Each structure stands twice: as structure tokens, then as C-alpha cells.
Amino acid sequence: MRGKIVKGLAAGLLVLGWLVSSPVCQGEEFADFTDSISLQEAEEAFQKLQGDAGSFSLWEYVTDAASGETDFSLSGLFEQCAEYGADVLEEQKETLLRILALGLLAGIFVNFSDTVGEKNMGETGFYITYTLLFATVAVGFASVLSVARESLLDLLAFMKALVPSFSLALCLGGGTGSAAAWYETMLIAMALIESLMIYVFLPGVQIYFMFGMMNPLAGYHFTRVTELAGSLLRGGAKLLFGVLLGYQGIQGLLLPVMDKVKQNTLLNTARGIPGVGDTVRSVADTVFGSSLLIRSAVGTGGLICILILCLRPLIKLLLFALVYKLGGALVQPVSDNRMTSALTTAAESAKLLAGYVFAGALMFLLSITIALAAVNFV
């Protein structure tokens with residue numbers, strides 16, 4: 001009996017020592033949490049990626065949020081995005097006018113040849129016009145392809161810096177199993193995004209674009225190939241998205257519960273010891289409440305950084321698709337269907353690129369949200 005009392009007392013003292021030594025209980029309430037969670041690498045990576053266009057600081061946000069003093073507003077971010085979208089539309093105005101001029105010129109050549117009976121001359125003029133349109137569209141597509149690639153690379157670079165810090169934040173309060181599982185999932189996600197989206201799907205969009213642009217000139221003999229390529233590119237991204245989120249969702253249902261059971265077992269053992277139990281209860285409530293706030297602050301700061309990094313590229317890609325879709329709709333009544341088909345291909349290619357950037361951002365946004373929800377509310 002005496003041996004059990006001694007073991008129980010030792011366990012209670014061990015738990016109390018662990019709780020008191022927690023960074024959220026040393027000194028001021030949140031002053032020393034950065035000793036165990038370093039955000040320096042993530043902050044430096046984010047500042048380098050956002051450049052001079054943004055003023056958001058991950059370090060300042062997390063520090064203020066942990067102290068309950070954050071004043072960040074999403075409305076300000078959306079206002080900046082609206083201004084950026086207006087600037088992009090202004091830049092695309094010249095492209096739209098060029099598309100309309102080329103479409104009208106192609107229609108004149110085709111209709112002129114039907115009128116005077118010189119079909120060869122009209123077709124020659126049309127091919128020249130189509131070549132000019134192809135050059136215009138190809139330059140624009142190369143630009144948005146570079147935007148999509150850089151956006152995904154920036155997203156991966158930031159997540160590689162954020163994952164260690166957020167994993168340590170998940171460990172606060174005893175969520176070691178959840179943190180290890182989330183870290184593993186993020187490593188898999190980053191590897192798949194880099195190997196599939198950047199080196200398979202993006203080149204696949206290039207192939208889709210080239211087939212779509214050649215299809216009108218080849219008598220639409222590549223229609224089935226183009227449709228197949230588009231279906232594979234869309235389905236591949238959806239499959240990747242579903243598998244990764246499903247894998248993390250399954251882990252989120254089990255591992256946080258296991259962590260909670262371990263915590264409750266240890267704390268209940270310590271609380272049953274006379275003279276120590278009340279102190280353990282008080283310190284444990286402080287530690288777990290503070291760790292929940294710190295985890296949420298780091299996770300929410302990461303979510304905001306992902307939004308800032310991906311919103312502008314998404315706006316540029318979607319406006320590119322909108323301009324070419326609008327151009328195709330405007331030239332269709334007066335031009336040849338082959339011109340409309342080429343413009344539709346350019347718009348669909350931009351939508352595919354935007355879909356990849358959106359899927360990559362949403363994948364990490366939901367992963368962080370699932371991890372926070374699983375750990376904080378179990």
C-alpha cells in the first residue's frame with residue numbers, strides 16, 4: 001500500500017513539474033512561448049515571398065493574437081485584391097482589343113473569299129490572322145503558366161517553413177500523436193504537389209493548350225485527344241485533393257482522441273493524490289487553455305499567409321480566363337468558328353491553372369483547419 005502511495009505521489013510531482021515547466025506557464029502568460037515555437041523561419045520565408053506588396057507579419061499576428069490584441073481585418077485584404085484586379089483588367093484591355101481586331105479581320109477574310117469566289121486567298125489571309133492570334137494567345141498563356149508555377153512553388157516554400165512550427169504548436173498540451181500525424185501528412189502533401197502538380201499537371205496543361213490551338217487548323221481531328229487530356233487533368237487534381245484530405249480526416253478522427261485519453265489518464269492519476277491534486281488541476285487548466293490559444297494563433301496566422309500568397313495569382317489567372325472567354329463570345333458572331341475555338345482553349349487552359357493553384361491552397365487551408373479542429377475540440 002505504501003509503495004502505491006509513493007508511486008502515485010511521484011507521478012503527481014512528475015506531472016506537476018511538466019506542467020509548470022511548460023512555456024505557457026513561465027513568467028508572463030504568453031511571454032515565453034516562442035522559446036519552444038520558433039516562427040523565425042516561417043516569418044522570413046513569408047516576407048521574402050510576399051515582397052514589398054504586403055505588410056502582414058506572421059510573427060506580429062501570432063504574438064498579438066496570443067495576447068488577445070489582434071486587429072487584422074479580411075476586408076482590408078479583399079480591398080487590396082480588388083485594386084489589384086482592377087489593375088490586371090486595365091493591363092488586359094489592350095489584349096482584348098487586339099483579340100477583337102484579329103477576330104474581325106479573320107471574319108473579313110473568310111467572308112470576302114466567299115463573296116468574290118477566291119477561297120484560297122481568303123484562307124491564306126485567315127491563316128495569317130490565326131498565326132497572329134496564336135502568337136498573342138501563346139504569350140499570354142506563357143505568362144499565366146509562369147504565374148501558376150511560381151504560386152505553387154511559393155506555397156510549398158512557405159509550408160516547408162511553417163510545418164515544423166505548427167507541429168510544435170500542436171504538441172503543446174500533449175497532442176504529440178496528432179502533431180506527428182499532421183507533420184507526416186504535410187510531408188506527403190508537399191511531395192505530391194511538387195511531383196505531380198508542378199512536374200506533371202502543369203506540363204499537361206501545356207500539351208492540352210497546344211492540341212487545342214492546333215485542333216481548328218487540323219480539321220478538328222484532335223478533338224477527342226483534347227477532351228481526354230482535359231478530363232485527365234481535371235480528374236487527377238480532384239483525386240489528389242480527395243485522397244490527401246481523406247487520409248488526414250481519418251487520422252483526425254482517431255489520434256486526437258488517443259492523445260486526450262493519455263492526458264486524462266495521467267492527470268486523473270495525479271489529481272487523486274492528496275495535497276497535490278488541486279494544484280495539478282489548476283496548473284493543467286492554465287496550460288491546456290493557453291496551449292489552445294497559441295495553437296489557434298499559429299494556425300490562423302498560417303491560414304492568412306496562405307490566402308495572401310495565393311489570392312493575387314488566382315485573380316490574375318481567373319481574369320485572364322475571363323478576358324479570353326469574353327473575347328471568344330464577342331468575335332463569334334462576326335468571325336470564323338476556328339478563332340472562337342482557339343480563344344476557348346486559352347480560357348479553359350487558364351481555368352485549369354487556376355484550379356491547380358486553388359486546389360493547392362485549399363488543401364493546406366483545410367489541413368490546418370482540420371488539425372486545429374481535431375486537437376482543440378476533442
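Biologist: Which residues make the nonpolar surface patch of about 320 Å²?

Modeller: In this predicted model, the patch is formed by L104, L105, I108 and V334. A residue needs over 30% relative accessible area to be part of a patch. L105 has a relative accessible area of 34%, so L105 is partly exposed. In the chain, L105 sits in helix 4, which covers residues 74-116.

Biologist: How many salt bridges does a search of the whole structure find?

Modeller: The search finds eight. A pair counts when a side-chain nitrogen of Lys or Arg is within 4 Å of a carboxyl oxygen of Asp or Glu. One of them joins the side chains of E90 and K93, at 3.4 Å from N to O.

Biologist: How far apart are E90 and K93 in helix 4?

Modeller: E90 and K93 are three residues apart in that helix, so about one helical turn separates them. K93 is partly exposed, because its relative accessible area is 43%.

Biologist: Which residue does R98 meet in a salt bridge?

Modeller: The side chain of R98 meets that of E94, with 3.1 Å between N and O. Both residues belong to helix 4 and are four residues apart, about one turn of the helix. R98 is partly exposed at 33% relative accessibility, whereas E94, at 54%, counts as exposed.

Biologist: What about E348: with which residue does E348 form a salt bridge?

Modeller: E348 pairs with R234, and their closest N and O atoms are 3.4 Å apart. This pair links distant parts of the chain, with E348 in helix 9 and R234 in helix 7, 114 residues apart.

Biologist: Is E348 buried or exposed?

Modeller: The cut-off for buried is under 20% relative accessible area. At 15% relative accessibility, E348 therefore counts as buried. R234, with a relative accessible area of 33%, is partly exposed. Both residues also belong to a network of salt bridges that links R234, K325, E348 and K351.

Biologist: Which helix gives the most to the lining of the second largest pocket?

Modeller: Helix 9 does, with eight residues. By type, the lining residues divide into eight nonpolar, one polar and four charged.

Biologist: Is G301 buried or exposed?

Modeller: G301 has a relative accessible area of 0%, so G301 is buried. This residue lies in helix 8, residues 277-331. From C-alpha to C-alpha, G301 and V62 are 6.2 Å apart in space, while 239 residues apart in sequence.

Biologist: How many helices and strands are there in the protein chain?

Modeller: The chain has nine helices and zero strands. Of its 378 residues, 47% are buried.

Notes. Residues numbered from 1 in each chain as written. Predicted model: local features only at pLDDT ≥ 70, side-chain atom pairs only at ≥ 80, totals over all residues. Heavy atoms only, no water. Patch = residues over 30% accessible without salt bridge, like charges linked within 9 Å, V, L, I, M, F, W, Y side chains within 5 Å. Areas by Shrake-Rupley, 256 points an atom, 1.4 Å probe, with all protein chains shown as cover. Helix = DSSP H or I, 4+ residues; strand = E, 2+ residues; numbered from the N terminus. Buried < 20%, exposed > 50% of the residue type's maximum accessible area, 1.4 Å probe, protein only. Nonpolar A, V, L, I, M, F, W, Y, C, P; charged D, E, K, R; others polar.
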